[in-house]
Each structure stands twice: as structure tokens, then as C-alpha cells.
Amino acid sequence: MTIFQNARFHTTVNHIRDLPATRAEVAFVGRSNSGKSSAINTLANRTRLAFVSKTPGRTQHINFFDLGNERYLVDLPGYGFADVPVAIRHHWVELLGRYLQTRKSLIGLLLIMDVRHPLKDLDQNMLTFYRVTGRPVHILLSKADKLSRQHQQKTLAAVKKSLIDYPGVTVQLFSSLKKTGMEEVETVVSGWFDAALGEEELCPQGED
Ligand code: GDP
């Protein structure tokens with residue numbers, strides 16, 4: 001059983017004040033259509049788990065999934081929609097911006113990018129914006145099956161090279177369709193959780 005496979009829908013949040021108390025969470029973020037929902041569903045081995053985030057009224061919300069053992073997965077609204085009304089965009093920026101930069105229990109970010117369109121402006125903004133937290137980002141180059149193996153490796157190398165100015169950012173290939181790259185994500189995310197929860201156990205809150 002892998003860490004994502006116990007995932008259960010927990011709650012939907014539309015205001016910072018409603019965020020649930022958690023000890024450790026990892027968040028999935030990416031442009032709309034990047035393959036984020038498919039990646040979450042594939043990792044959780046479920047067909048429609050993340051599509052709760054696509055139901056009307058929830059698309060611009062933050063959705064929490066309980067992974068058990070005090071671990072949470074967070075599905076953040078996709079960005080880059082062509083014609084989102086200004087008011088909704090402002091709400092998104094406010095909600096996401098505050099969540100990403102102030103959420104203490106957010107221990108790392110999974111950034112999903114279509115392997116055929118990596119590091120778009122909004123993705124780079126996201127990396128720059130999140131860099132101030134000093135927390136790690138792991139990039140999934142999704143839909144890898146859409147490219148030949150050679151082309152996949154070429155893209156991976158090019159993206160790695162472009163990330164030289166972003167310490168703490170790692171990258172891998174991923175395909176929900178072929179279920180490839182799953183172990184690598186698991187290893188990275190398990191490492192984040194173990195470090196975060198392990199550290200806290202050694203030094204419980206309120207003690208020196
Ligand atoms: P989201 O908007 O980022 O949540 O993206 P979705 O998960 O809904 O995926 C967007 C589109 O890409 C859908 O048509 C998916 O079927 C397709 N897609 C997602 N992942 C893969 C993949 O690994 N391989 C292929 N070939 N298509 C994918």
C-alpha cells in the first residue's frame with residue numbers, strides 16, 4: 001500500500017479562515033489541463049477522486065484529501081484559464097497566494113506541467129513565488145506518453161537545466177495513462193512526510 005492509496009475526501013475550503021488544522025500536507029498545483037486531476041487519481045488508484053475538484057462550485061476551491069497517519073494531500077485550483085472573470089481571478093490569487101506563502105503545515109509542492117509545454121510563464125511565477133518559503137517543489141512532467149522516449153529525456157534534461165536558479169526544485173517524467181513515474185513521486189513525497197513528521201516527533205510543540 002502506497003501513501004496515496006488511502007486517500008479519502010476530507011473537506012473543501014474557499015476561505016483561508018476555514019483551512020483545517022493539519023500537521024503535514026503536500027499540495028498539487030498546475031495549469032488547468034496540465035493533467036493534475038489525472039495524476040492525483042492515478043497515484044490514489046481511484047478513477048474519480050480528484051474530479052471532486054472539478055464539480056461546479058468547487059473548481060476555485062482548495063480540496064483536502066486525508067491520506068491517514070496525519071498526512072494530507074491538497075488539490076489546488078488550476079491556473080491559466082483563458083477567460084476567468086476578474087473577480088474570480090482576484091479571489092484565486094488572494095486565496096492561493098496566502099495559502100502558499102503562510103501555510104505552515106504545507107511541507108512541499110507538486111507542480112504538474114504538460115511535458116509538451118513545460119515552464120510556461122505562470123509556472124515560473126509559481127516557482128518564484130513559492131521560493132521564498134524555502135520549501136521543496138517536485139515537478140511532474142505529465143503526459144510523458146505523448147512524446148517518444150528520446151524526446152522525453154531531451155525535455156527532462158532541458159527543464160533540469162532551466163531550473164538551475166531554483167534550488168530545492170526537482171523534476172521527473174510522469175504518465176497517468178501508462179502509470180509511469182509513480183514510484184519516484186512516492187519516494188519524494190514519503191521523504192517529505194517522514195522528515196516533517198519525524199522532526200516534530202523528536203521535538204514536540206511547546207518543548208525546547
Ligand atoms: P487538469 O485540468 O490539470 O486536472 O487535467 P486533467 O487530469 O483533467 O487532464 C487534462 C486532459 O489530459 C484530459 O483529457 C486527460 O485525459 C489528459 N491526460 C491527463 N493525463 C494524461 C496522461 O498521462 N497521458 C495522456 N495521454 N493524456 C493525459
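**Surface.** I took accessible areas from the Shrake-Rupley method with a 1.4 Å probe, and for residues only the protein chains shown count as cover. By that method the accessible surface of the chain comes to about 11,000 Å², and carbon and sulfur atoms hold 51% of that surface.

**Ground rules.** I am working with a predicted model, in which local features need pLDDT of at least 70 and side-chain atom pairs count only at pLDDT 80 or more, while totals for chains, interfaces and linings use all residues. Residues are numbered from 1 along each chain as its sequence is written, and side-chain values use heavy atoms, with hydrogens and water left out.

**Fold.** I took helices (H or I, at least four residues) and strands (E, at least two) as DSSP runs, numbered from the N terminus. The chain has five helices and seven strands, and their order along the sequence is β-β-α-β-β-α-β-α-β-α-β-α. The radius of gyration is 16 Å, close to the 17 Å of the globule rule for 208 residues, so the chain is as compact as a globular protein of that length. For that I used C-alpha atoms, and the rule is 2.2 Å times the number of residues to the power 0.38. Along the principal axes, the C-alpha atoms fill a box of roughly 50 × 40 × 35 Å.

**Contacts.** I called it a contact when heavy atoms are within 4.5 Å. Among contacts in the chain with a separation of 6 or more, 74% join residues 24 or more positions apart.

**Burial and cores.** I used buried for under 20% relative accessible area, exposed for over 50%, and partly exposed for in between (1.4 Å probe, protein chains only). On that scale 47% of the 208 residues are buried. A nonpolar core here is a set of buried Ala, Val, Leu, Ile, Met, Phe, Trp, Tyr and Cys residues joined through side-chain atoms within 4.5 Å.

Which residues touch the most other members of the largest core? They are L76 and I139, in a core of 35 residues. Several elements supply at least two residues each, among them strand 2 (24-30), strand 3 (62-68) and helix 4 (149-162). Helix 2 gives the most, with five residues. I also listed the contacts of L76 beyond four places in sequence, which include F28, I62, L96 and L109. There is a second, separate core of 27 residues, with A7, L43, A50 and V189 among its members.

**Helix 1.** I40 is found in helix 1 (residues 36-44). Is I40 buried or exposed? It is buried, with a relative accessible area of 1%. Leaving out neighbours within four places, I40 is in contact with F28, L49, A50, L73 and D75.

**Helix 5.** M182 is placed in helix 5. Beyond four places in sequence, M182 touches T42, L43 and F174. I also checked M182 against P85: they are 97 residues apart in sequence and 36 Å apart in space, C-alpha to C-alpha.

Most residues other than glycine have a negative phi. L119 has a positive phi of about 50°; this residue is in the loop between strand 5 and helix 3 and is buried at 15% relative accessibility. K179 also has a positive phi, near 55°, and lies in the loop between strand 7 and helix 5 (182-202).
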